Amino acid sequence: MEADNWGSMSSASRRALAHDALGCDREALKKSIAQRLVYSLGKEPTTATSRDWFHAAAFVMRDRLIEQWMAATRTYEQRGAKRVYYLSMEFLTGRLLANSVLNVGLGEELRAALAEIDVDFEQIRSIEQDAALGNGGLGRLAACILDSMATLSLPGVGYGIRYEYGIFFQSIENGAQVEHPDTWLRYGNPWEIARPEVFYPVRFGGRTIQFTDERGRLCCHWVDTDAVFAMAHDTPVPGYQSGTVNSMRLWSAKATRDFNLQQFNQGNYFKAVEQKTESENLSKVLYPDDSTAVGRELRLKQQYFFVSASLQDIVQRFMDANEPLRAFPDRVAIQLNDTHPAIAIAELMRLFLDAHDLEWDAAWDITRRTFAYTNHTLMPEALETWPVALFERILPRHLQIIYEINHRFLEQVRRRYPGDEERVRRMSIVSEDGERRLKMAHLAIIGSHRMNGVSEIHTALMRANVFADFDALWPDLVVNVTNGITPRRWLHHANGELAALISECVGSEWARDLEQLQQVKPWADKEDVHRRFRQIKRANKGRLARFIRERVGVVVDPDTMFDVQIKRMHEYKRQLLTVLHVITRYNRIHAGRIEGMAPRTVIISGKAAPGYAFAKLVIRLIHAVGDVVNHDRAVGNLLRLVFVPNHNVSNAEMIIPAAELSEQISTAGTEASGTGNMKLALNGALTIGTLDGANVEIRRQVGEDNIFIFGLTAEEVAARRAAGYSPWEEYDRNDELRTALDMIGQGHFSPSDPTLFRPVFDRLMHHGDHFLLLADYASYIACQDRVDALYGQPDEWARRALLNVAAMGHFSCDRRVADYARLVWGAAPVKVER
């Protein structure tokens, strides 16, 4: 059929022609599964494996998403809708089958259809591998935002990289983290659709030639470059019962020349595929180790690769609508998720200047009105910078553009603050302190019309400290949009029994409007609700206990308190403080000081970056302490310490519903927001934490009596450091702390290698204890004693846990995306016509 005839047909006619075989009732689903098994997988039902049935079911669900997906695309094009493009290095989507079934409302029908052909939905659901497209909260936030955009019917696309091996698969060998490739694509990905026709060149290196054109303008050609191609892979993102399906478009790297036959025929077999290997490294691994020069170069190339392909795609889609470029910001909003995609500012300018022949002022006006930037960190060492020399070699044209952006911006600063060259130095994109480096956060700020923090305290500290100069120059630049979570995955899907209890109490609309959880508050005082809540929590703990026994080989008692800390391994997140608490409890047990002590299972999970030696040493310490504690008969069930390896979304969906205590103990002023704190509270865990990140807002929502707060505030942290903080003072004044540290430093937990953990002791005692673990230790231990006391009152614990659940409506990602649409993007919902 000709494309023009297809386009002129009514939507009903298109559906009848293309989708008349599809249906959503039990019989139609059963027929489709059988057809997919045979015609897509080439299997008979008698020989099909569980994985085959999973793929068949996934294909059937994808088929039913595609009609809505195509309808959404047509509607956006027909209405000239403004689209939001979310650029992120990570998208931690987790498993998609159960989430897709939930969002389109086919759960009961699909389960029944599978059951009639003797296939268990839960079994095949568990076979799906997590997409290895992220590492921590940044990627999970990005996935939640895509889910909420589709739920709210906001036109949107998420752009990222299709990592072949993810960050890594974490195993534990002799207590140490070992990294392996995460082969999540080994059996294929039934959700994605490869788009070999969507293919963009991405260039590196070369040199620039400047010349004056016939109109007297200074122009530039970027020549003698090396190129790699970016190929698109699309995944549908369904909203929750909204009828909208948006897209996640990921790029894989392809060589300009796959195979050199001449080299092969000469016997140079490795040389024959050298270019292919080097080019395709760009989409192999998330966050390659940057402890070497080669690794740093790969990281920069990787960031530019995905940004360049995404912007070429965005500009091409806009140009296809035949509108003038001045209308670009009216149709396009681009959100930079952290500083990784900040080079997009210079790339869009390059496209406008070099490919579309715009004047500088016009190009810059369009660029600034298009971009917005989300900052996720306040720590200077985490704000990405790149050596000028590396940029000059890899992206020489972009360096020229950044220099020009910086020059024009600093002239603006000088006009506003004449004679204040120190301010000019601080605000420059180019750091002249030592090696000349480009401050990518400054580029993102200068090139964006809006910048947001991700919690109230984070945004306040941005304005007052790290980016105070920019806030003074542009008082309307910075807004706050506190992070949020999707209740569909993190309650409805992950904790179905609790979701059912909530729906019995307040109805089921909370899944679309999480504020309705406020209606749970009166039910928190009812004893029968306490009883059922405890039963649900106990069942979840039992499932997790079996999972731990199978995966880790440690037997834990589900009748103990489950005390959970699950997050990326980093010093500022202070997993080491949790270890100090475990050692302290262990010593108290041996001293007979167990009155009022609640039996605990402490569960830690998280990955350390491959080059982060100290974080990896802390993982070894966790295992060493666990080996001692867990095998000490004198301890009994009073204490267990368990590390669950290879933390990902699916593991989190197992751990979070079982958690009773949520450890959110970062040094105040270091955590931008956190979303694990929200997920755990939503599932009925009480928080123990500092006044850091979103903990501040959680305390306000749940009430001071329903959260355990300890430690220094951000202001007190700054004051202690300014006054000359001494960890030795804490060591000398606190006997329990001193004993715990000496046990670590003197080899109690590593008798075969007594110096193994000496670097941990030295980091705290001889290198300043930068994140003030020792300063917060006494307050933390006292707070844990309060936790024990409350846990001895099961009804009161349940009441407070339910009040936490009721208060989490404020942290719905749907609400946060609506804030972005209003405060940042200027985008409106579009009802999809089918």
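**Helix H20**

I started with helix H20, residues 456-466, and listed its buried residues: Ile-457, His-458, Thr-459, Leu-461 and Met-462. I then looked up what covers these residues and found that the cover includes S15, helix H21 (468-473), S16, helix H29 (695-702) and helix H30 (714-722).

**Confidence**

I noted that this is a predicted model. The protein chain has an average pLDDT of 94, and 96% of the residues score at least 70. I marked residues 14-20, where the pLDDT is below 50. In the model this stretch has 13 contacts beyond near neighbours in sequence.

**The open sheet**

In which order do the nine strands of the open sheet run? I read the order as S5-S8-S9-S2-S1-S10-S11-S15-S16, with mixed pairing. Strand S5 (193-204) and strand S16 (478-480) are the edge strands, each pairing on one side only. From one strand to the next, the twist averages 25 degrees.

Strand S11 (residues 371-374) and strand S15 (residues 450-453) run parallel and are joined by three bridges. Ala-372 has Arg-450 in S15 as its bridge partner.

I also looked for what lies across the sheet strands. Helix H36 (residues 813-825) lies across strand S1 (83-87), strand S10 (332-337), S11, S15 and S16. The helix runs at about 110 degrees to S10.

**Thr-370**

I placed Thr-370 in helix H15, residues 360-370. Is Thr-370 buried or exposed? Its relative accessibility is 1%, so Thr-370 counts as buried. Not counting residues up to four places away in sequence, Thr-370 touches Phe-328, Pro-329, Val-332, Ala-333, Ile-334 and His-449.

**Nonpolar cores**

I looked up the largest nonpolar core, which has 248 residues. The members that touch the most other members are Leu-87, Phe-305, Phe-328, Phe-391 and Trp-825. I followed up Leu-87 and, leaving aside neighbours within four places in sequence, found contacts that include Tyr-159, Phe-306, Val-307, Ile-314 and Pro-341. A second, separate core holds 23 residues, among them Leu-29, Ala-58, Leu-96 and Trp-191.

**Hairpin S6 and S7**

Strand S6 (residues 207-212) and strand S7 (residues 218-223) run antiparallel and are joined by six bridges. I found Phe-211 opposite Cys-219 in S7. Five residues lie between the strands of this hairpin, where Gly-216 takes a positive phi near 85 degrees.

**Helices H34 and H35**

At what angle do the axes of helix H34 (residues 773-791) and helix H35 (residues 794-806) cross? I noted roughly 110 degrees, with the axes coming within 7 Å. That makes H34 roughly perpendicular to H35. I listed the residues that meet: Val-787, Leu-790 and Tyr-791 in H34, with Pro-794, Glu-796, Trp-797 and Arg-800 in H35.

**Val-552**

My last entry is Val-552, in the loop between helix H24 (527-551) and strand S17 (561-566). Val-552 has a relative accessible area of 28% and is therefore partly exposed. Val-642 is 90 residues apart from Val-552 along the chain, yet their C-alpha atoms are separated by 7.9 Å. Leaving aside neighbours within four places in sequence, I found Val-552 in contact with Phe-547, Val-642, Phe-643, Val-644 and Pro-645.

Notes. Residues numbered from 1 in each chain as written. Predicted model: local features only at pLDDT ≥ 70, side-chain atom pairs only at ≥ 80, totals over all residues. Heavy atoms only, no water. pLDDT = per-residue confidence, 0-100. Contact = heavy atoms within 4.5 Å. Pairing = 2+ DSSP bridges. Helix = DSSP H or I, 4+ residues; strand = E, 2+ residues; numbered from the N terminus. Core = buried A, V, L, I, M, F, W, Y, C linked by side-chain atoms within 4.5 Å. Buried < 20%, exposed > 50% of the residue type's maximum accessible area, 1.4 Å probe, protein only. Axes fitted to C-alpha atoms, helices over the stretch in contact; angles between N-to-C directions. Parallel < 35°, antiparallel > 145°, perpendicular 65-115°, else oblique.
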